[in-house]
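Here is a short briefing on one structure. Please keep the sequence and the model in view while reading.

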Amino acid sequence: FFPQAYRIKCSHILQRHYWIASSRIVTPNALISGAVEVKGGKIVAVVEGDDWRRNTWSYQIIDYGEAVVMPGLVDVHAHLNDPGRTEWEGFPSGTRAAAAGGVTTLIDMPLNSFPSTVSEETLKLKIKAAQGRIFVDVGFWGGLVPENAFNSTALEHLLEAGALGLKSFMCPSGINDFPMTNSSHIKEGLSVLAKYRRPLLVHAEIQQDPEGELDMVDVGSVSPRSYSTYLTTRPASWEEAAIRELLTVTKNTRAGGPAEGAHLHIVHLADARSSLELIKEARSSGDSITVETCPHYLAFSAEEIPDGDTRFKCAPPIRDTDNKEKLWAALLDGNIDMLSSDHSPSAPELKLFDEGDFLRAWGGISSLQFVLPVTWSYGRKHGISLHQLVSWWSEKPAKLAGQHLKGAIAVRNYADIVVWDPEVEFELDDDHPVYLKHRNISAYMGSKLAGKVVATYVRGNLVYQGGKHAPAACGVPILAT
Ligand SMILES: NC(=O)N[C@H]1NC(=O)NC1=O
Ligand SMILES: [Zn+2]
Ligand SMILES: [Zn+2]
């Protein structure tokens with residue numbers, strides 16, 4: 001794939017055949033002490049015990065002791081904003097941060113870049129922008145927008161060109177060239193996707209009573225610096241209304257239904273009350289639906305967000321503590337399937353730190369590098385297991401994105417691996433190396449976390465270890481075939 005001289009720069013190690021050893025390897029069925037044998041970028045054996053050492057040269061063994069060896073994280077929801085808004089993030093900075101955080105694959109959202117990824121041509125621009133500039137593997141969702149929703153040929157071209165699925169919004173997206181869709185658009189999109197067996201991802205909020213919202217803000221009776229003001233402008237009823245409407249369409253995805261084969265994935269669920277109940281009901285009726293939430297909804301609660309600290313602004317908003325506990329319970333019960341970052345940074349100016357205006361600041365949490373330690377740090381208080389972490393961050397997201405050779409430490413899979421130490425604590429202070437383009441917009445800066453990433457392997461390349469990235473960007477653009 002790469003010439004020899006270049007390939008060497010892809011990895012901190014020269015070997016293409018080696019063993020990764022540890023006393024805590026997370027395989028699909030067990031936690032084992034042993035080794036993962038890697039050859040030509042793939043996992044060729046997973047062996048328990050010590051016997052394998054007898055026939056192995058010592059220079060071929062990378063022994064991580066008691067550090068956890070796990071499949072790399074697959075983040076199905078990240079906005080890298082490249083091409084077109086690289087002053088917000090970009091492929092090189094975003095994927096270096098991913099590698100440092102143990103994320104070995106990420107799927108880029110079709111909006112916030114310019115142009116938006118809504119056609120074969122614009123997807124080609126993405127792929128071109130990614131070439132030689134990504135440190136981990138990157139796939140692409142295409143956009144479902146009013147302009148292409150009733151044009152099945154255009155959607156087919158976008159899917160044939162390799163989009164892993166489609167994404168749409170049911171409320172304004174914040175980006176003018178990515179308008180929102182209604183349930184008719186979504187129905188059309190699903191019927192095209194059914195043929196390809198690829199998912200539709202939906203930002204499920206429908207604006208309720210927009211006039212009421214304006215009234216409240218214009219009156220000036222509430223402070224735009226208070227998080228609770230923002231929360232009132234975007235209540236759980238927005239999520240509930242969107243999900244209710246989506247479920248009228250997902251009925252068709254049931255076995256024997258007109259859209260059998262289609263699948264709907266609800267992104268970043270924040271409301272753990274009525275919205276979640278609706279999803280549970282539909283699932284028990286056989287609708288093909290999955291749902292994700294994000295670490296910021298599990299780590300923070302509305303009551304704790306300081307006045308004017310717009311690093312915490314996102315949509316849907318972070319809700320109250322009781323809701324947060326319900327999200328954890330749903331995740332542990334399996335009613336929420338997986339996690340994603342919804343990493344959505346902007347230029348720092350757009351966070352309006354001087355004014356601290358929650359109503360006008362850019363909405364988006366910057367988190368990509370920290371999702372593993374954040375999930376672990378807050379999750380261990382809820383008694384989560386390593387297998388749950390792998391299910392939420394690797395297995396289920398890989399399946400959603402159609403990546404059957406990713407998401408598990410298993411023979412024949414790509415050697416996409418994160419090695420990390422759950423017991424090591426660290427502070428995200430000024431000295432902490434952060435590879436994201438703008439460290440100051442991340443809501444996690446200043447916090448103390450547990451779970452330090454030791455090493456990251458992508459397709460057998462040791463792309464990150466000991467705080468250092470391999471020099472060359474050898475991630476692969478992932479296209480659906
Ligand atoms: N345009 C965009 O990235 N919007 C994202 N930001 C956020 O907080 N929620 C979103 O959907
Ligand atoms: Zn969204
Ligand atoms: Zn998003």
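The points below cover strand pairing, a zinc site, aromatic pairs and charges over rings.

This is a predicted model, in which local features need pLDDT of at least 70, side-chain atom pairs count only at pLDDT 80 or more, and totals for chains, interfaces and linings use all residues. Residues are numbered from 1 along each chain as its sequence is written, chains are lettered from A and ligands numbered from 1 in the order in which they are written, and side-chain values use heavy atoms, with hydrogens and water left out.

- Strand β1 covers residues 17-26. Strands are DSSP runs of E with at least two residues, helices are runs of H or I with at least four, and both are numbered from the N terminus.
- Eight of the 10 residues of β1 are buried, so the strand is largely enclosed by the rest of the structure. Buried means under 20% relative accessible area, exposed means over 50%, and partly exposed lies in between, with a 1.4 Å probe and protein chains only.
- β1 runs antiparallel to strand β2 (residues 31-39), and eight bridges join them. Two strands pair if DSSP finds at least two bridges between them.
- Four residues separate β1 and β2, which form a hairpin. Y18 has V38 in β2 as its bridge partner.
- Strand β4 (residues 61-63) pairs with β1 in the parallel sense over three bridges. Here I61 of β4 stands opposite W19.
- Strand β5 (residues 68-71) also pairs with β1 in the parallel sense, over two bridges. V69 in β5 is the bridge partner of I25.

**Zinc site**

- The zinc ion (ligand 2) has H203 (ND1) and H268 (NE2) as its protein donors, lying 2.1 Å from it. Donors are N, O and S atoms within 2.8 Å of the metal (3.2 Å for Na, K and Ca); water is not among the atoms, so sites may look incomplete.
- H203 lies in strand β11 (residues 199-203) and H268 in the loop between β12 (263-266) and α10 (274-284), so the pair ties together parts that are 65 residues apart in sequence.
- H203 is buried, at a relative accessible area of 3%. H268 is buried too, at 2%.
- The zinc ion (ligand 2) and the zinc ion (ligand 3) are separated by 3.6 Å.

**Aromatic pairs**

- Rings of Phe, Tyr and Trp (its six-membered ring) pair if their centres lie within 6.5 Å; planes under 30 degrees apart count as stacked, over 60 as edge-to-face and the rest as tilted. By this rule there are 11 aromatic pairs.
- Y18 and Y457 have ring centres 6.0 Å apart and planes at 25 degrees, so this pair is stacked. The pair links distant parts of the chain, with Y18 in β1 and Y457 in strand β16 (residues 448-458), 439 residues apart.
- Y18 is buried, with a relative accessible area of 0%. Y457 is buried, also with 0%.
- Y435 and Y464 have ring centres 6.4 Å apart and planes at 80 degrees, so this pair is edge-to-face. Y435 lies in the loop between β15 (417-427) and β16, and Y464 in strand β17 (residues 461-465), so the pair ties together parts that are 29 residues apart in sequence.
- Both Y435 and Y464 are buried.
- One aromatic cluster is formed by F300, F312, F370 and Y444.

**Charges over rings**

- A charge sits over a ring if NZ of Lys or CZ of Arg is within 6 Å of the ring centre and within 35 degrees of the ring normal.
- R85 has its charged end over the ring of W88, 5.2 Å from the centre.
- K381 lies over the face of Y378, 4.9 Å from the ring centre.
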